[in-house]
Structure formats: C-alpha cells, structure tokens
Amino acid sequence: MQSWIPLVPDSASTFSWKVDALYFYLSGITLFFSLLISAVLIFFVIRYRRRTPYEIPRPIAGSHKLEMLWTVIPFLIAMTIFGWGARVYFDQYKSPPNAIEVYVVGKQWMWKLQHATGQREINQLHIPVGRKIKLIMTSEDVIHDFFVPAFRTKADVVPGRYTTMWFEATTTGTYHLFCAEYCGMNHSGMTGSIIVMEPREFDNWLSGNINNMSPATAGQQLYQTLGCASCHGANGEGGRGPTLAGAFGKTTPLITGDSVRVDEGYIRESILNPQAKIVQGFGPIMPTFQGQVSEDQVLQLIAYIKSLHAAGETPATTAASPAQGPSPATAPSPTRNIK
Ligand code: CUA
C-alpha cells in the first residue's frame, strides 16, 4: 500500500485524493513559477549585463499593461487556490448525517475512544471500510489534535468543547494516528492506530468485544443517579426543567429572546454551566455539575439525551439506541472509566 512517491503517506480515505490533488496543484504552481522566474532572471542577467564601463541604462517609465498583467494573473491563480481549498475544507469539516458515531477523549497522553455500542478502546480505533465515521471529540486536559495522515484529515481536540471530524476509509489496513498538537512531555508518544476492517470482520470484532454497556445506557443510569429526572423527566415529568425527549437537533427559544440549536455542545454547556443559556419559561434553578461528572460521563449523558425521542417520533439514529447494550444488571458500573 506504500505510495508511489516516497514520503507521501498511504492514501486511504474518500478525501485523501482531493487533498493530494490540491497539494500537487500548489506544488505545480510553485514549481512552474520558480522555474519561470529563475529562467527570466538568468536571461535578464545575461541580456542586460553591463557591456562597457560607465554605461548608463535607458530610463524606464511605468507600464500599466505590465502592472495589470502581474496583478490580474496572480489574483486569478490565488482565487482558484481559495475556491478549491474552501471546497475541500467544507467537504471535510461538515459531518454527514447517518455516520457511525465514535466518542473520543484525549488526555495526557492517550486517546480514549468509545463506540456507540459501548466498546471502549485506547489508542486504537477499529472501523469498517466504506462507512462514514464521525468522531465527537473533547479533551480532559490540554489541547490535542487527532491526526490520521493516511486519511488526510486532522482536528484539534479542545478541553471544554466538542469538535467533530469525519472520514470514510477506502482501503483496509492499519494506519497511524498521531497527536499533532504539542501537549507536554510525552506528546510524541501520543500515537495510536486506526484499524480499517471489512464490514463483516468489523461486526465480528464488535460483537466479540462487548464489555461495556452502550454510552446511552450508561448515561441513562447516570441520569437517575444524579437525580436529573426529578426536574426534567424524559417525558416532561417534574416540570421544573425543559422536556428532553425529542429536543436534540431542534432549535429552542431562550429567556434572552435568542434561540439555540440543541446540539452536543449546548447540552454539555447546560450540564456544566446551566445558567449560560436558559430555555424560555424556566428559572435559573439548575445547579452546575462541573467537577461531578467526567468528560466520559458528559458524553454518556449526551448519548442518552440523544436517544430520547418524543412520542410518535422515529429515532434518527439507531446506533445510539439504549436497547443495544447488554442489560444494566450484567454490565459493569458506568462510572468505572479508564483513566
Ligand atoms: Cu496530545 Cu500532543
């Protein structure tokens, strides 16, 4: 699978060729103008060399034609780079719907990953080939950066917020995962691998690795343990907080008159800093859970809230369904996280 150009990493995702094409385009432009300018330079040095001592060159006034030429041509070239780059960028950083979701928590100095079906991994991510994978990522300490050269994609993993990235692997195999943001002493050792498998092999791997309940199930237990249900029960019981069932993905009005889209970031903020954006019709009575729940647990709560659907609504994602994990009675405690 080694690339035909040495030093260029394997190419194994749906957008790696797009990044490569843009990269070669930039290299081509650079090479073309470097050669052109060098050639013109050498030509001018010879053609306009001083032939006699005390020679005075002919004075040159400006040339509008020439100025226009060397302004308009580079402008057009720069715009092609901009337009093309923007296209590739938006393609990479706008997550598609119906991707398989994987939660990622970076910490000094390891990657902790969890599949929506509950399987946990450290410094390894098993994925099926030919399927869209969406990573929902955060950090427990400092900024890290999830970088998979063979997929030509990377994204910062930032404490206090979620970043997402997605990719679709095109070739099976094992690929490097690096941390691409200096994060302390063992930054260079914060590596791992992405293992791309045939879908059937992946299903076997997944079913052979059930040792955790799904994040949604763990979140449901946590939701009870923390007493969330006394104020906002899943179906509006309690009445002191907004109903959560079916809320995910919708836009909700705030007491300030603004509105907010209920996404992962908003739920996280509401758990850790409940006063920040209060839903219309409710008071600022919710206590913060900052320091009481780990990043893993916040992700579990979010997975649970995502899995709640309003009566009569069809589930948007089946992967996060709480019914999929093993029953809570047989699974280990959700609070036993790998630290
Ligand atoms: Cu984590 Cu560098």
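Biologist: What makes the largest nonpolar core a core, and which residues have the most contacts inside it?

Modeller: Keep in mind that this is a predicted model. A nonpolar core is a set of buried nonpolar residues joined through side-chain atoms within 4.5 Å. The largest such set here has 29 residues, and W111, I127, L135, F146, F151, F167 and I194 have the most contacts inside it.

Biologist: And what lies apart from it?

Modeller: Another core, of 28 residues, with I136, V293, L299 and I302 among them.

Biologist: Let's zoom in. Why is L272 called buried?

Modeller: The cut-off for buried is under 20% relative accessible area. L272 has 11%, so it counts as buried. This residue is in helix α5.

Biologist: What is L272 in contact with, once its neighbours within four places in sequence are left aside?

Modeller: T288, F289, Q290, V293 and V298. Take F289: it is 17 residues from L272 along the chain, and their C-alpha atoms are separated by 5.1 Å.

Biologist: How do you know that helix α5 is mostly covered?

Modeller: Count the buried residues: α5 runs over residues 264–272, and seven of its nine residues are buried. They are E264, Y266, I267, R268, S270, I271 and L272. What covers them includes β5 (132–139), β12 (259–261) and α6.

Biologist: Which residues of helix α4 are buried?

Modeller: In α4, residues 215–225, the buried ones are P215, A216, T217, A218, G219, L222 and Y223. They pack against β1, β2 and α6. Just after α4 comes G227, with a positive phi of about 75°.

Biologist: On to cavities. How do you know that there is empty space inside a model at all?

Modeller: Rolling a probe the size of a water molecule over the atoms shows where empty space is left.

Biologist: What makes a residue part of the lining of the largest cavity, and which ones lie nearest its centre?

Modeller: A lining residue has an atom within 4 Å of a cavity point. The largest cavity has 11 of these, and K112, L113, Q114, R120 and D296 lie nearest its centre. Each of β1 (100–107), β2 (110–115), β3 (120–122) and α6 (295–307) supplies at least two residues of the lining.

Biologist: What is that lining like by class?

Modeller: It has six nonpolar, one polar and four charged residues.

Biologist: Now for G192. Why is it called buried?

Modeller: Buried means under 20%. G192 is at 14% relative accessibility, so it counts as buried. It sits in strand β10, residues 192–197.

Biologist: What does G192 touch beyond its neighbours within four places in sequence?

Modeller: It is in contact with N123, Y175, H176 and L177. As for T174, it is 18 residues from G192 along the chain, with 9.9 Å between the two C-alpha atoms.

Biologist: Why are Y54 and N98 called exposed?

Modeller: Exposed takes over 50% relative accessible area. Y54 has 78%, so it is exposed. N98, at 65%, therefore counts as exposed too.

Biologist: Which peptide bond is called cis, and what is its omega?

Modeller: The one from Q108 to W109, with omega near -5°. W109 is in the loop between β1 and β2.

Biologist: Are C179 and C183 buried or exposed?

Modeller: Buried is under 20%. C179 is at 8%, so it counts as buried, and C183, at 3%, is therefore buried as well.

Biologist: Finally, what does the chain look like overall?

Modeller: It has six helices and 12 strands. Buried residues make up 39% of its 339 residues. Of the contacts with a separation of 6 or more, 67% are between residues 24 or more positions apart.

How values were computed:
Residues are numbered from 1 along each chain as its sequence is written. This is a predicted model: local features need pLDDT of at least 70, side-chain atom pairs count only at pLDDT 80 or more; totals for chains, interfaces and linings use all residues. Side-chain values use heavy atoms; hydrogens and water are left out. Buried means under 20% relative accessible area, exposed over 50%, partly exposed in between (1.4 Å probe, protein chains only). On a 1 Å grid over the protein atoms alone, a cavity is a set of points where a 1.4 Å probe fits but cannot get out, and a pocket is an open set with protein on both sides within 12 Å along at least five of seven lines; lining residues have an atom within 4 Å of a point. Helices (H or I, at least four residues) and strands (E, at least two) are DSSP runs, numbered from the N terminus. Ala, Val, Leu, Ile, Met, Phe, Trp, Tyr, Cys and Pro count as nonpolar, Asp, Glu, Lys and Arg as charged, and the others, Gly among them, as polar. Contact means heavy atoms within 4.5 Å.
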